[in-house]
Amino acid sequence: MDVWILESAHAVAVKAADICGELIQRKPDARLGLATGATPQALYAELIRRNRQDHLSFAHVETFNLDEYLGIGPDHPQSFHRAMRDSLFAEVDIDPANTHLLRGDSSDPVAEARAYEALIKRRGGIDLQILGIGRNGHIGFNEPGSSLGSRTRVKTLARATLRDNQLGHPDFEEPIMAITMGIGTILDARALVVLATGAAKAEAVAAALEGPLAAICPASAIQLHPDATVVLDPEAAADLRLTDYYELVDQARRRLPRTSGRI
Ligand code: PGA
């Protein structure tokens with residue numbers, strides 16, 4: 001695991017954009033796994049900036065989102081379809097046909113989940129999956145207790161998630177379920193980039209990176225991935241025990257030529 005503790009949430013976004021940008025430069029038709037929520041918003045803003053100012057092109061990029069609420073359609077104001085359109089897709093040169101999200105309003109969510117798994121496979125798998133971490137340790141909507149080998153499926157949301165995502169709205173029936181890539185699906189991505197910022201994530205980050213591999217913290221499954229990069233601000237890193245070691249790794253990295261890869 002490659003752990004970066006950077007000075008600010010902005011630096012986290014820039015680092016994540018560097019990783020995405022390098023991949024897209026190397027492989028213009030890269031397949032990106034994307035996440036919604038507050039954390040990746042600064043990354044998407046930075047990617048939009050690079051698309052406009054640095055000519056980072058998404059023309060051949062294909063995307064797969066992690067999850068979607070069950071029972072709501074792509075135009076629903078709380079849908080992740082809408083969130084992705086607003087925060088990234090409408091602002092860059094991506095072909096909407098290349099943006100894939102689960103349909104929360106599918107009449108057969110079980111079939112929808114299976115078809116999504118098949119689509120990811122058929123397209124050749126995800127090159128780089130962006131992940132946030134929930135305060136309860138979830139990745140995607142794989143809530144505590146999820147099978148570490150799970151595939152894309154319907155999941156009931158945890159109470160903590162319902163609270164954190166502020167789903168209550170006087171005009172809508174609150175979604176209490178979602179369709180989400182499974183933990184096994186996520187681990188099949190060739191590389192993972194996990195982002196966390198802010199003090200509210202410190203406990204979940206420590207459990208994910210340094211705690212036991214356990215279903216109580218689904219994000220701990222990233223310990224199994226051979227190419228996982230974790231990018232944190234100091235607040236999200238505050239409960240880590242190996243900080244001194246991560247600093248040593250950072251010093252060692254600076255001595256290596258850029259092409260040497262991870263250490
Ligand atoms: P957040 O969500 O980025 O809004 O904190 C993270 C997550 O639930 O995965």
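In what order do the seven strands form an open sheet, and is the pairing parallel or antiparallel? In this predicted model, local features required pLDDT of at least 70 and side-chain atom pairs counted only at pLDDT 80 or more, whereas totals for chains, interfaces and linings use all residues. Residues are numbered from 1 along each chain as its sequence is written, and side-chain values use heavy atoms, with hydrogens and water left out.

The order of the open sheet is S1-S10-S9-S6-S2-S3-S5, with parallel pairing. Strands (E, at least two residues) and helices (H or I, at least four residues) are DSSP runs numbered from the N terminus, and two strands pair if DSSP finds at least two bridges between them. Strand S1 (2-5) and strand S5 (99-100) are the edge strands, each of which pairs on one side only.

Strand S10 (residues 228-232) pairs with S1 in the parallel sense over four bridges, and Val 3 stands opposite Val 230 in S10. Strand S9 (residues 191-196) pairs with S10, also in the parallel sense, over five bridges; here Leu 232 in S10 is the bridge partner of Ala 196. S9, helix H7 (residues 202-210) and S10 make a right-handed β-α-β unit (with the strands pointing away from the viewer, the path from the first strand over the helix to the second runs clockwise).

Cys 20 counts as buried because its relative accessibility is 1%, and Cys 217 is buried at a relative accessible area of 7%. The count of disulfides (pairs of cysteine sulfur atoms within 2.5 Å) comes to zero.

By class, the lining of the second largest pocket has twelve nonpolar residues (Ala, Val, Leu, Ile, Met, Phe, Trp, Tyr, Cys and Pro), four charged residues (Asp, Glu, Lys and Arg) and 13 polar residues (the others, Gly among them). Strand S4 (67-69), helix H3 (80-87) and helix H5 (159-164) each supply at least two residues of this lining, and the largest share, three residues, comes from H5.

Technical notes:
Buried < 20%, exposed > 50% of the residue type's maximum accessible area, 1.4 Å probe, protein only.
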